[in-house]
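This briefing sets out selected features of the structure shown below.

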Amino acid sequence: TNYSGFAGVIAAFSDGTMTTDAWKCTQDHVEPETPDDDYIPWFSTFFKDETWPQAVEQDPNCCPWRDLTRAWLPLNAKWISGPWYGNYSNERLFYCRYRVPVVGEAHPLNLTAAEGGRLPIAETRESKLIFSEAMGCQAEYRLVAGGCLRYFTETRDFNTSRRLCGTTALGGDLARIDNEVQHLWVFDKATVNAQRTLLGLTDQLTENTWIAPYDGAEATFFNWNASEIEPNGKRIENCAAIVYAGGAWGDVRCDNTADFDGFVCRSKACPDFSGTWMTNPEGYAAETLNQTDCSGTWGDRTFTVLANRTTVSTGLEGHIDNFEDYDLLLWDNGVVWYRHAVSP
């Protein structure tokens, strides 16, 4: 390497667990250029490493050039090496070993999970870090299994409910339910309030093709009452609602408020601006944003998030673009920050 300072390796597992105590590293090992037939290489499971020292965890603030993208930080990854001495500015070569136990074996150092040990697993995978586009929700909306939902105990027809949802949050509309977790959350609200709940689905355009006005997508999750052969309203009933005991759905008239007593809205989630962003291509400088729901801190500044934009308390604004392997934060003053994903 051309840089002074400790050498090191990044070590992390897919669950973000780093086990320094289970790693051994040395700079004293020498692999023979022409090994004997019975020589066991250093990377073999059967290699004897009893004399190797335990790995040393390095200062996480050292040497930002080692991890230009800062993509490993959220995984709780650590830099490790063997015990070092002498001139750190020279080229360095060292070896590190960690033997993953097979199923049924104990941890190599008899460490429990609480003690930092990695318990036996069937197989290993490289770590994968994909930054979430859904960090939180706008005011009074709840992030439920990937969607921002809000329950209203008011009697409104389909079109009026849509308009009210639109006034409560950016991108708000009647909610499409995507999964069982979201359905149970809505049903729990409906049960507490003894409400028959209007949902954001309609087959007005094509019979039995249920579209969500929220984003125009065709619904893939349903909880129709099969015993009542729902949906059964033909062209008269073109909206969906929780109307049966137990949370089963039925189709209802969109303009008949007597069929439901409450409705559920869905809004756009706030994207995730949190993490360490590289502020120059060389990776020598970085800034860290801390975000909870749709607001956060950047040093002594605060910021808020709405749609894919953030506004800082100093007046600076920027927007985020998510790509497959990296994210860009483009500030309105022309400055560009970036963070990368680590893919297997």
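Leaving out residues up to four places away in sequence, glycine 136 touches Leu143, Cys148, Ala269, Cys270, Asp293 and Cys294. These contacts belong to a predicted model. Glycine 136 lies in the loop between strand E5 (95–97) and E6.

**Glycine 136**

- Glycine 136 has a relative accessibility of 1% and therefore counts as buried, the cut-off being under 20%.
- Between glycine 136 and serine 295 there are 159 residues of sequence separation, yet their C-alpha atoms are 8.8 Å apart in space.

**Aspartate 173**

- Strand E8 contains aspartate 173, a residue that counts as buried at 7% relative accessibility.
- The side chain of aspartate 173 forms a polar contact of 2.8 Å with the side chain of arginine 162.
- Beyond neighbours within four places in sequence, the residues in contact with aspartate 173 are Arg162, Cys165, Pro213, Tyr214, Val264, Cys265 and Arg266.
- Aspartate 173 and serine 267 are separated by 94 residues in sequence and by 6.5 Å in space, taken from C-alpha to C-alpha.

**Asparagine 225**

- Asparagine 225 is placed in the loop between E9 and E10.
- With a relative accessible area of 11%, asparagine 225 is buried.
- Not counting residues up to four places away in sequence, asparagine 225 touches Glu230, Tyr244, Ala248 and Trp249.

**Threonine 297**

- Threonine 297 belongs to strand E15 (residues 295–298).
- The relative accessibility of threonine 297 is 35%, so this residue counts as partly exposed, a class that lies between the limits of 20% and 50%.
- Once neighbours within four places in sequence are set aside, threonine 297 is in contact with Thr288, Leu289, Asn290, Thr302 and Phe303.
- Threonine 297 and serine 313 are 16 residues apart in sequence, and their C-alpha atoms are 9.4 Å apart in space.

**Helix H1**

- Phe158, Ser161 and Cys165 are the buried residues reported for helix H1 (residues 158–168).
- Viewed down the axis of H1, the buried residues fall within an arc of 60°, so they line one face of the helix.
- The exposed residues Arg163 and Thr167 are carried on the face of H1 turned away from its buried side.
- E8, E9, E10 and E12 are the elements against which the buried residues of H1 pack.
- At the start of H1, a side-chain oxygen of aspartate 157 comes to within 3.5 Å of the backbone nitrogen of asparagine 159.

**Helix H2**

- Helix H2 (residues 180–192) has 13 residues, and at 1.5 Å a residue it should span 18 Å; the end C-alpha atoms are 18 Å apart, which agrees.
- Gln182, His183, Trp185, Val186 and Ala190 are buried in H2.
- Because the buried residues of H2 fall within an arc of 160° when seen down its axis, they line one face of the helix.
- The cover over the buried residues of H2 includes strand E6 (142–144), strand E7 (147–152), strand E9 (197–202), strand E10 (239–242), strand E11 (249–252) and strand E12 (262–267).
- At the start of H2, a side-chain oxygen of asparagine 179 lies within 3.3 Å of the backbone nitrogen of valine 181.

**Overall make-up**

- The protein contains 2 helices and 20 strands.
- Of its 344 residues, 41% count as buried.
- Of the contacts between residues at least 6 apart in sequence, 62% join residues at least 24 apart.
- The accessible surface of the protein is about 18,400 Å², and 50% of it belongs to carbon and sulfur atoms.

**Confidence of the model**

- The average pLDDT of the protein is 76, and 70% of the residues score at least 70.
- Confidence is highest in strand E8 (residues 173–174), with a mean of 94, and lowest in strand E1 (residues 9–11), with a mean of 54.
- Where pLDDT is low, the predicted coordinates should not be read in detail.

Technical notes. Residues are numbered from 1 along each chain as its sequence is written. This is a predicted model: local features need pLDDT of at least 70, side-chain atom pairs count only at pLDDT 80 or more; totals for chains, interfaces and linings use all residues. Side-chain values use heavy atoms; hydrogens and water are left out. Helices (H or I, at least four residues) and strands (E, at least two) are DSSP runs, numbered from the N terminus. Buried means under 20% relative accessible area, exposed over 50%, partly exposed in between (1.4 Å probe, protein chains only). Contact means heavy atoms within 4.5 Å. Accessible areas come from the Shrake-Rupley method with a 1.4 Å probe; for residues, only the protein chains shown count as cover. pLDDT is the predictor's confidence in each residue, from 0 to 100. The expected span of a helix is 1.5 Å times one less than its number of residues. The arc is that of the directions from the helix axis to the C-beta atoms. A polar contact is a pair of N or O atoms within 3.5 Å; within protein, one must be able to donate a hydrogen and the other to accept it, and residues adjacent in sequence count only if both atoms are side-chain atoms.
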